[in-house]
Amino acid sequence: TALVVGLIRPLSDDADVASAIDAAATFLASQQAEDGSFGGVAPTTAPNANSTGLAAWALGSACEYGRATAAADWVRDIQLSNGAVAYDQAAYAEASDSGIAENDRDQFRRATSQAALGLSYDGTATSGLTILRTGGGGYLKGGTNIVVGVSGVQATGQQPCLFVGGASTILVAQDG
């Protein structure tokens, strides 16, 4: 579910796709543990970095920042000082004590590559985005569309979320 949400997110301007993303995000949220982690399906039902990282990415792309941050924070807690992410807390403890064993390197590569997607929602990370209203000042009638400029977006097509008064919307970066 997390992988599909993250991949179809760019298509969310279609009402049916947006509705499916909302339903999938609601499902994902219902699967999140109190500590922010996610488990997979059998045999990987225990909390793990792969599932949690992908879920953080999906929830973040659906503008569920609180849940995405909780998941990313769980992943960050099992990230080694060299940047590698352990599969789970047991692998983290072992690698912290004696380094990553040669026969565990593949597990760390797979966990890190999947968890990295969600680490962009790490609650300790800082955002480089600045949002500025362009055009005239003063009050506007409710429902009026305004144009905003966003600095700090790194690439055309990047889709940061904008939260205003508890509501959220997706911005799509364009050149110019």
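**Helix packing and cores**

α3 and α4 run roughly antiparallel to each other. Before I go on, this is a predicted model.

Here is where that description comes from. The two axes, those of α3 and α4, cross at roughly 155 degrees and come within 8 Å. Angles over 145 degrees count as roughly antiparallel, so the pair falls in that class. As for handedness, the crossing of α3 past α4 is left-handed.

Which residues of α3 and α4 make the contact? On the α3 side they are A49, T52, G53, A56, L59 and G60. On the α4 side they are Y65, R67, A68, A71, A72, W74 and V75. Sorted by class, this contact has 9 nonpolar residues, 3 polar and 1 charged.

In general, nonpolar side chains in soluble globular proteins tend to be buried together. The largest nonpolar core here has 18 residues, and those touching the most other members are A2, V5, L28, F38, A58 and L59. The largest share is that of α3, with 6 residues.

What does F38 touch, leaving out residues up to four places away in sequence? The list is L28, Q31, Q32, A46, P47, N48, S51, T52, A55, L59 and A71.

Last, there is another core, apart from the largest one. This other core has 15 residues, including L80, A84, A91 and L119.

Conventions: Residues numbered from 1 in each chain as written. Predicted model: local features only at pLDDT ≥ 70, side-chain atom pairs only at ≥ 80, totals over all residues. Heavy atoms only, no water. Core = buried A, V, L, I, M, F, W, Y, C linked by side-chain atoms within 4.5 Å. Buried < 20%, exposed > 50% of the residue type's maximum accessible area, 1.4 Å probe, protein only. Helix = DSSP H or I, 4+ residues; strand = E, 2+ residues; numbered from the N terminus. Contact = heavy atoms within 4.5 Å. Axes fitted to C-alpha atoms, helices over the stretch in contact; angles between N-to-C directions. Parallel < 35°, antiparallel > 145°, perpendicular 65-115°, else oblique. Left-handed = near helix turned anticlockwise from the far one by under 90°. Nonpolar A, V, L, I, M, F, W, Y, C, P; charged D, E, K, R; others polar.
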